[in-house]
Amino acid sequence: MKKAAKVFSVIFGILMIIAGVSCLFTPVSTSLALGYVVGLSMVFDAVGRFINWWQEKKNGLADGWMLAGAILSAVFGLFILNSLVLQLSVDIFIVYNIAIWLLFHGIFAIARAWKIRRLHKNWDTKMLGTHWYIPLCIGLLACVFGVLCLFKPVIMASIIGVFIGLGIISAGANMITLATTPEE
């Protein structure tokens, strides 16, 4: 890695860590920005699809479907970017989807725990199912947390914001580490 690229990576890594810490202090605001990020991602997707279509057109392989996909991504992305209502709708959709996923994940973990327990009793083995209560506890916690987040979505929004902050901090630290690690 060239020296300028290393310096850039360190500076960008530090900025990412600062942004991640900011996300940790404002987790609800961070999760409320997800709708904007989705809209922006759709616009970037449209640009990438259009570039891909243009390259394929030069090779004679482009079709109208590829261009239609690019236009559709751009239109929906711009709609989301220009509408706070749509951004909030995306945010709410994400929060409730995760809460429902947690609820079902918990139900499946509880069912698995009871199956492990039953197998342990039927086979009378010390190895299988001796700790069946661990997935049971995890399942119960996931169910309680999922239901709680369905009724209090701000809790889930806060958790999403915290995880985004931690992810950004981790990515920034990785950039700094990669830039400062001597090459072999």
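## Gln87 and its surroundings

Gln87 touches Gly35, Tyr36, Ile80 and Leu81, leaving aside its neighbours within four places in sequence. This contact list comes from a predicted model. Gln87 is placed in helix H5. With a relative accessible area of 10%, Gln87 is buried, because the limit for that class is under 20%.

## Nonpolar surface patch

A nonpolar patch lies on the surface and is formed by Leu32, Leu88, Ile92, Tyr96, Ile100, Phe104, Ile107 and Phe108. Together these residues have about 720 Å² of accessible area. Helix H5, which covers residues 84–123, supplies the largest share of the patch, namely seven residues.

Phe108 is one of the patch residues and is located in helix H5. The relative accessible area of Phe108 is 57%, so the residue falls in the exposed class, which requires over 50%.

## Nonpolar cores

The largest nonpolar core has nine residues: Leu34, Val95, Ala99, Leu102, Ala142, Cys149, Met156, Ala157 and Ile160. Two or more residues of this core come from each of H5, helix H6 (133–151) and helix H7 (153–180).

Cys149 is a member of the largest core and is buried, with a relative accessible area of 0%. Outside the four places in sequence on either side, the contacts of Cys149 are Tyr96, Ala99, Ile155 and Met156. Of these, Ala99 and Met156 belong to the largest core, whereas Tyr96 belongs to the surface patch.

## Positions relative to Ala99

Leu148 lies in helix H6. Leu148 and Ala99 are 49 residues apart along the chain, and their C-alpha atoms are separated by 8.3 Å. Leu148 is partly exposed, at 38% relative accessibility.

Lys152 is found in the loop between H6 and H7. The C-alpha atoms of Lys152 and Ala99 are 9.9 Å apart in space, with a sequence separation of 53 residues. Lys152 is exposed, and its relative accessible area is 51%.

## Ile134 in helix H6

Ile134 is another residue placed in helix H6. Its relative accessible area is 42%, and Ile134 is therefore partly exposed. From Ile134 to Val154 the separation is 20 residues in sequence and 28 Å in space, taken C-alpha to C-alpha.

## Cysteines

The model contains zero disulfides. Cys137 is in no disulfide, and the nearest cysteine sulfur to its own is that of Cys143, 12 Å away. Cys137 is partly exposed, with a relative accessible area of 43%.

A disulfide is assigned for sulfur atoms within 2.5 Å.

## The salt bridge

One salt bridge is present in the structure. Arg49 and Asp45 form a salt bridge, with their closest N and O atoms 2.7 Å apart. Both residues lie in helix H3, which runs over residues 34–58. Arg49 and Asp45 are four residues apart, about one turn of the helix.

Arg49 is partly exposed, at 38% relative accessibility. Asp45 is also partly exposed, and its relative accessible area is 32%.

Terms used:
Residues are numbered from 1 along each chain as its sequence is written. This is a predicted model: local features need pLDDT of at least 70, side-chain atom pairs count only at pLDDT 80 or more; totals for chains, interfaces and linings use all residues. Side-chain values use heavy atoms; hydrogens and water are left out. Patches are made of residues with over 30% relative accessible area and no salt bridge: like charges are joined within 9 Å, nonpolar side chains (Val, Leu, Ile, Met, Phe, Trp, Tyr) within 5 Å. Accessible areas come from the Shrake-Rupley method with a 1.4 Å probe; for residues, only the protein chains shown count as cover. A salt bridge is a side-chain nitrogen of Lys or Arg within 4 Å of a carboxyl oxygen of Asp or Glu. Buried means under 20% relative accessible area, exposed over 50%, partly exposed in between (1.4 Å probe, protein chains only). A nonpolar core is a set of buried Ala, Val, Leu, Ile, Met, Phe, Trp, Tyr and Cys residues joined through side-chain atoms within 4.5 Å. Contact means heavy atoms within 4.5 Å.
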